[in-house]
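Please keep the structure open while reading.

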Amino acid sequence: MSIKQVQETIASTRNQVVAHPLYASLQTLDDVRTFMQYHVYAVWDFMSLLKGLQQQLTCVNVPWIPTGNAATRYLINEIVTGEESDVDMDGNRCSHYELYLRAMQQAGADYSPIEAIIADVEAGKSIAQILETSPLPEAVKGFLGFTFDVIASGKPHIMAAVFTFGREDLIPDMFLALVKDLDQKIPGKLSTFIYYLERHIEVDGDHHSQLAMQMVNELCGNDAKKWEEAAEYARLSLHWRHELWSGILDEKVIL
């Protein structure tokens, strides 16, 4: 199997995500706030998946020892640098997660629930405890549960497949156009979010996605079983993204 074959295997599931009716339904500032209050969890666990890959593919312990191969180390370290230490609108360093929280604050979205999750992690609670006790929407719990199960597997090729095919370029240009239109109608509420989205498309959807595909190729090599697992978990990651989007849409309907 190859990258192209993985893409062919997941094409129909991916199309369901890209063509999800959620995007067209985001017509008001309240709609975008609801979206952000769900999507922030995907931004956070993306960082966790990224750091899990870095732990698997490089040495993060002392004393240092050479781990993996230099090509794969380079790929993951470059992506980490971009995601964990990018620049905001004023050229100041920040992670994409921190940038997203600023966007939520500007838009008036409630980010206290994700901060409560971070506080639980800092207090030593496990992800399993958090998912069991926190009043998170079921769609969020399912999405996070899948991601952290993938991290716990300790299988770099599976983690890399989920990272590459399930997370990199799934916010269509249509969504960005809708947000820009809202920003013109309600100036000063979504400029940081627009910057985040444009940065995401520019960095993650282009350069980082190419690096990530190289990483999957390196990790799967000539192992047919690894390629099969990579394709299946890539498909599952898209399934859970679709479930998250549907959860947002359902909440909008209820509201």
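Which residues in H3 and H6 meet? The model is predicted, and the answer is given under the first heading.

## H3 against H6

From H3 come Val 40, Tyr 41 and Trp 44. H6 supplies Pro 113, Ile 114, Ile 117, Ile 118 and Val 121. By class, this contact has eight nonpolar residues, no polar and no charged.

H3 covers residues 29–57, and H6 covers residues 112–122. Their axes come within 10 Å. The crossing angle is roughly 35°.

## H3 against H5

H3 also packs with H5, residues 96–107. The axes lie 10 Å apart, at an angle of about 165°. An angle over 145 degrees counts as roughly antiparallel, so H3 is roughly antiparallel to H5. Their crossing is left-handed.

On the H3 side, the contact residues are Leu 29, Arg 33, Phe 35, Met 36, Gln 37, His 39, Val 40, Val 43, Trp 44 and Met 47. They meet His 96, Tyr 97, Tyr 100, Leu 101, Ala 103, Met 104 and Ala 107 in H5. The contact divides into 13 nonpolar, three polar and one charged residues.

## A cis peptide bond

Where is Pro 63 placed? Pro 63 sits in the loop between H3 and H4, the helix of residues 70–84. The peptide bond from Val 62 to Pro 63 is cis. Its omega is near 0°.

Terms used
Residues are numbered from 1 along each chain as its sequence is written. This is a predicted model: local features need pLDDT of at least 70, side-chain atom pairs count only at pLDDT 80 or more; totals for chains, interfaces and linings use all residues. Side-chain values use heavy atoms; hydrogens and water are left out. Axes are lines fitted to C-alpha atoms, for helices over the stretch in contact, and angles run from 0 to 180 degrees between N-to-C directions. Helices (H or I, at least four residues) and strands (E, at least two) are DSSP runs, numbered from the N terminus. Contact means heavy atoms within 4.5 Å. Ala, Val, Leu, Ile, Met, Phe, Trp, Tyr, Cys and Pro count as nonpolar, Asp, Glu, Lys and Arg as charged, and the others, Gly among them, as polar. Angles under 35 degrees count as roughly parallel, over 145 as roughly antiparallel, 65 to 115 as roughly perpendicular and the rest as oblique. A crossing is left-handed if the near helix is turned anticlockwise from the far one by less than a right angle, and right-handed if clockwise.
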